[in-house]
Amino acid sequence: MYSEKDLVAVGKRENNKKRNYLVVNPLQGKHIPVRPGQAFELFDALADLIRAEYKEERLLLIGFAETATAIGAEAAVRLGAQYIQTTREHIPGVSYLFFSESHSHATEQKLVKDDIDQAIGRADRVVFIEDEVTTGNTILNIVSVMEELYGNDLKFSVASLLNGMEKEHLEIYEKKGIAALYVLKTDHEKYAALAERNMAGGIYEECGSAGCVCAREVKINGKADARRLVDGAGYRRACESLWHEIDAAFKFEAGERVLVVGTEEFMYPALFAARCMEEKGVLAWSHSTTRSPVMVFADESYPLKTRYELKSLYDKDRTTYLYNIESYDRVFIITDAAGGEEEGKNSLVGAIARKNNNINLIRWC
């Protein structure tokens, strides 16, 4: 169904000695703007693989922050399954399961233990949702933590858009009884060399928080937070309600060019709203800010041409990035950041304003 050309572009990580490359998926809606229908078609292909394999089982899906949060959410929506994502954010008043993602730019991952305690007893199988799996070590880390807490009778699987695991890693999974489902099998052997190929150019923009760039700001209540346990049907209803409020507040015209930007771990509601716009005839694209520092080059074969360095809407001391901003008729930022972070807001809005005039900020509260 999909080829490597469809789903793989290789970027060069900045200052990461553990892995010099990043697999940039053009259809995932993270680093590169994507037509939302294409992203959902890809996510649903993975969800349908899970359904076919485990149609008689009650599933707990766990999506990995930040890049796989939308993939996991859509799988849960399509399957009507329990869902929770890992997070790097602080959630007051809860306890966590901690584990590591060693090759990442931000190695700490955590799950809300209170919710896992509740969900485990209702699930026949835990399915970890990833955008791509290379060694599978991150999954093994969280499996080890969960087996220590909940016993060895749990059944685990990993489902990913891309699977680049070599034979030795697949054998470890087979011995542990962890099944691996995927849309496309990849060979990562050449990616490190591709990341080091000779390229030049690329534009780096530092977007500070000085000054206030005007953006229409709207708050919408009824947020569903996938950092906490949700069920797929309920999460879909919440996202539909969010869209109806957006649709009521703004008039959309068929044929207008619109960009919808999510923020860090908060990807799915932005993609969902963009798809709803697309269904009204809007020419919509969507992607999200990210913690991933990736180098940019002007070479036509390279996926990322321009990098905007931002302050996070969630933590003014955190640096985030947005890539490949173009000009649109309107831009909508959709975030669950609570507010009060003027530096982060001004930084993101200011970056988008380099090429856009009509910018709207929607807070889901």
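**Labels and their grounds**

Guide: In this predicted model, Arg-330, once its neighbours within four places in sequence are left aside, is in contact with Phe-250, Lys-251, Phe-252, Glu-256, Arg-257, Val-258, Leu-259, Asn-358 and Asn-360. Arg-330 is found in strand β17, which covers residues 330–335.

Visitor: Why is Arg-330 called buried?

Guide: Its relative accessible area is 11%, and because buried means under 20%, Arg-330 is counted as buried.

Visitor: What makes the approach between the side chains of Arg-330 and Glu-256 a polar contact?

Guide: The two side chains come to 2.7 Å, and a polar contact requires a pair of N or O atoms within 3.5 Å, one able to donate a hydrogen and the other to accept it, so the pair Arg-330 and Glu-256 is given that name. The side chain of Arg-330 also reaches the backbone oxygen of Lys-251, at 2.5 Å.

Visitor: How do you know that Cys-365 is in no disulfide?

Guide: The structure holds zero disulfides. For Cys-365, the nearest cysteine sulfur is that of Cys-239, 14 Å away, whereas a disulfide needs the two sulfur atoms within 2.5 Å, and therefore Cys-365 is in no disulfide.

Methods. Residues numbered from 1 in each chain as written. Predicted model: local features only at pLDDT ≥ 70, side-chain atom pairs only at ≥ 80, totals over all residues. Heavy atoms only, no water. Helix = DSSP H or I, 4+ residues; strand = E, 2+ residues; numbered from the N terminus. Buried < 20%, exposed > 50% of the residue type's maximum accessible area, 1.4 Å probe, protein only. Contact = heavy atoms within 4.5 Å.
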